[in-house]
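Here is a short tour for a reader new to this structure. Have the sequence and the 3D view open.

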Amino acid sequence: MPEIPWTTLEPPLPSKASRDAFVEHARELAKIRRDDRAEEALEKRRAEFVAEIKAARRSDRQALLAAGLVLSDLAIQGWGLRVRAERVEIRPPNPVHGDRTAEKARIRRQELVKRNAQLQQPSVQRFVGSMERQRLHDGKFVSIFSLMRDGRELAEGLREARTHLNNGWADALSQLIDPYIEFVTSENATCAYTGLRLMDVWRYFRHTWTNQYTNVPGRTMLFLIRDRAADNHPVMGIGALSSPIMQIRERDSWIGWHPEAFLERVRREPTCALARWLVNTLDAAIAEIYVADLLEDKILSARDLTDPSDASLERLLKEGAEQRRLHHRYARARDLKRKRADLCGDEYWVARARTHLFRSKRALALATYLRARAVLNEAFGDRPTAEKLAALAATGYGSDAIRRVVKKAKADRVGIAVADITVCGAVQPYNALLGGKLVAMMAVSPEVVAEYRRRYTAAESEIASSVAGRSIVRAPTLVLLGTTSLYGVGSSQYNRIKIPADRLGGADNEVIRYEELGRSEAFGTSQYSEQTVDALVDLVQQSYEQRVNSIFGEGVSPKLRKVRQALDMLNLPSGMLLRHHRPRVVYAVNLIRNLRDYLIGLAPKPEPIIPLDEGRAATGEIGAWWRERWLRNRITSDEVLEEVSRHTRVHPITHGARVTQQRASSSQLPLFADPS
């Protein structure tokens with residue numbers, strides 16, 4: 001592999017004292033040897049740097065703090081760091097090629113930095129302590145430990161079950177492990193056996209993961225996998241379905257959502273159905289935009305909606321830019337959080353549509369769609385045909401119009417037909433028994449799909465309703481689930497998972513499987529501590545250049561955009577620094593036969609591989625298939641059963657499902673807090 005080049009960091013710090021402090025901080029970080037005690041030494045240096053900045057009285061203190069904390073996090077994450085001729089230089093860590101174990105260990109070390117920092121937070125330590133503290137419920141003392149399976153008892157039972165592997169194994173194993181799904185239906189829903197809030201139970205076990213626990217924006221449905229074969233129905237694993245990531249090239253190309261993939265399909269096989277679909281999709285997109293105020297203000301005319309002129313398109317673009325400028329100048333988050341009760345019916349959505357933010361979005365969207373309509377009008381005339389579509393796709397402007405329609409079709413479907421499995425894993429001692437595969441299989445059960453639809457079937461689409469000026473409700477019908485591995489070298493949890501459809505009421509020649517689609521280089525802020533992110537966000541908010549107001553509808557991930565803006569202000573390479581530098585394997589689970597046509601809108605109804613009315617019965621069959629396919633073979637290993645037996649509830653409790661204890665770190669104290 002070619003050596004990664006060094007990149008110079010030169011934040012525009014006005015004072016020489018601050019520039020010298022930045023270089024000196026880099027020099028001190030670079031001196032630290034990368035051995036087993038490196039993390040502790042780097043954290044100590046980080047705390048010293050923060051203390052030095054707190055003591056200083058400089059006008060550029062916030063910029064120096066943010067730049068220095070970024071440098072600290074990069075060093076902790078294993079980036080190369082050196083000082084040459086008073087210039088600070090960095091380069092990303094080199095992946096460990098050819099050694100899967102070493103590469104996983106490298107990524108695990110990076111993830112544990114933020115996970116451990118989170119566990120050091122006083123609020124998290126109080127939460128963990130409260131969950132582990134005994135309380136009285138139904139006449140007995142219980143705690144979170146009551147929901148952990150004792151490994152010694154389980155291992156003993158599994159050793160006995162091994163004697164039945166040639167005959168009667170199914171009954172023997174089902175009496176030892178009998179999984180089912182319990183959904184976290186509300187914030188106050190409680191566990192029947194301990195009285196603990198299910199939300200808190202889920203959160204506790206999530207803190208045992210290698211990576212830190214964070215909330216996911218948008219929809220999120222949490223669930224527990226529990227074992228009815230043991231006392232208190234202990235937790236086997238946890239999972240969550242969430243709103244999908246909007247842009248994943250590997251997934252979109254596989255589906256046919258990626259514009260170039262769709263164009264290739266059109267050029268290869270143009271049809272009348274595709275031509276009509278383009279027209280109908282565009283008509284629906286334009287009809288779903290509130291235009292009353294734009295007509296009133298002569299931005300466009302009624303005729304422009306069917307036969308747009310170049311002048312009307314220019315006016316829309318100009319209006320969109322002006323309204324965006326006004327939004328950035330005057331917007332405050334609280335102004336866009338009016339209570340629904342303040343206005344009746346669609347008056348609320350009309351008021352939202354008329355805000356600077358959504359008037360800008362509407363004007364720009366209309367300019368896009370009306371330009372595409374002008375192209376389709378010219379190409380198709382009164383009757384769209386396959387021949388006309390082929391000619392359209394052969395031109396640059398025609399291809400551009402098709403791309404815009406595909407993007408709209410994807411936007412309509414992605415939030416209601418696709419969900420991401422954002423949390424999926426087992427807790428000990430089930431983890432040693434390939435419980436992670438069980439949770440992954442349970443996540444695609446018809447019971448999960450039906451619960452997701454029930455929960456969100458009446459949910460109004462916030463952005464679509466604000467653009468339409470009326471309530472828009474799109475009931476979810478999940479047909480595709482996606483996820484990624486934590487490690488770029490692959491995932492033993494998702495590999496080789498196949499569920500025979502006939503076991504769940506489907507056809508005998510079909511399966512539900514986790515398809516590996518490729519590797520994706522992710523972007524985000526997970527490699528930076530909360531302290532660093534807060535310092536970067538504060539830098540933006542203290543400037544006159546803030547472009548992100550954390551208002552829903554402005555765009556995806558306000559935090560990410562603020563961090564990017566702060567890095568740009570510091571003249572730091574945001575493209576490089578926001579890359580995780582650890583590719584992840586992308587997986588997809590197809591739940592219907594006509595996936596591509598349904599997701600693009602060509603097919604009106606999905607054709608499920610597994611009947612949705614199977615529900616809990618299908619979940620039970622998935623558990624039976626897991627016992628047959630994975631557990632039965634797994635327990636033949638003495639080493640595995642020894643690992644299972646290691647997780648006990650004997651005091652002092654060292655059970656693998658217990659949250660790791662972390663001592664508080666001085667580097668995690670609030671910035672610039674007054675001493676007390």
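The report below goes through helices, strands, cores and a few single residues.

The model is predicted.

Start with helix H1, residues 16-31. Its 16 residues reach 23 Å from the first C-alpha to the last. That is close to the 22 Å expected at 1.5 Å a residue.

Which residues of H1 are buried? They are Ser18, Phe22, Val23, His25, Ala26 and Leu29. These residues lie on the same side of H1, because they cover an arc of only 155° around the axis. An α-helix has 3.6 residues a turn, so residues three or four places apart point the same way. The face turned away from the buried side of H1 carries exposed residues, Lys16 and Lys31.

What do the buried residues of H1 pack against? Their partners are strands S1 (7-9), S2 (80-84) and S3 (87-91), along with helices H2 (38-55) and H3 (61-76).

S2 and S3 run antiparallel and are joined by 5 bridges. Arginine 82 stands opposite glutamate 89 in S3. The two strands form a hairpin with 2 residues between them. In the turn, alanine 85 has a positive phi of about 50°.

S1 also runs antiparallel to S3, with 3 bridges between them. Here the bridge partner of threonine 8 is glutamate 89 in S3. Is S3 enclosed or open, and why? S3 is largely enclosed by the rest of the structure, because 4 of its 5 residues are buried.

**Strand S9 and its partners**

S9 pairs with S8 (residues 235-242) and with S10 (residues 480-484). The S8 pairing is antiparallel, over 6 bridges. Within it, glycine 239 is bridged to cysteine 424 of S9. The S10 pairing is parallel, over 3 bridges. Within it, valine 418 is bridged to leucine 480 of S10.

**Two nonpolar cores**

How many residues make up the largest nonpolar core? It has 59 residues. Those with the most contacts inside it are Ile177, Leu241, Leu433, Leu481 and Tyr514. Helix H25 (residues 615-634) gives the most to this core, with 6 residues. A second, separate core has 56 residues, among them Leu294, Leu305, Ala367 and Tyr598. In soluble globular proteins, nonpolar side chains tend to be buried together.

Tyrosine 514 deserves a look of its own. Leaving aside neighbours within four places in sequence, tyrosine 514 is in contact with residues including Ile421, Ala440, Val444, Thr483, Tyr494 and Tyr587.

**Single residues**

| Residue | Relative accessibility | Class |
|---|---|---|
| Cysteine 191 | 1% | buried |
| Cysteine 272 | 32% | partly exposed |
| Leucine 370 | 0% | buried |
| Serine 574 | 9% | buried |
| Serine 645 | 15% | buried |

Why does cysteine 272 count as partly exposed? Its relative accessibility is 32%, and the buried class requires under 20% while the exposed class requires over 50%. As for disulfides, the structure holds 0.

Leucine 370 sits in helix H15, residues 356-380. Beyond its sequence neighbours within four places, leucine 370 is in contact with Ile286, Leu300, Asp304, Leu305, Pro308, Leu313 and Leu316. One of these, Leu305, also belongs to the second core. Histidine 328 is 42 residues from leucine 370 in sequence and 26 Å from it in space, C-alpha to C-alpha.

Serine 574 is in helix H23, residues 574-577. Its contacts, with neighbours within four places in sequence left aside, are Arg564, Leu567 and Asp568.

Serine 645 lies in helix H26, residues 638-645. Where in sequence are its contacts, not counting residues up to four places away? They are Gly151, Arg152 and Ala155. Glutamate 153 is 492 residues from serine 645 along the chain, yet their C-alpha atoms are separated by 7.4 Å.

Technical notes
Residues numbered from 1 in each chain as written. Predicted model: local features only at pLDDT ≥ 70, side-chain atom pairs only at ≥ 80, totals over all residues. Heavy atoms only, no water. Pairing = 2+ DSSP bridges. Core = buried A, V, L, I, M, F, W, Y, C linked by side-chain atoms within 4.5 Å. Buried < 20%, exposed > 50% of the residue type's maximum accessible area, 1.4 Å probe, protein only. Contact = heavy atoms within 4.5 Å. Expected span 1.5 Å × (residues − 1). Arc of directions from axis to C-beta. Disulfide = S-S within 2.5 Å.
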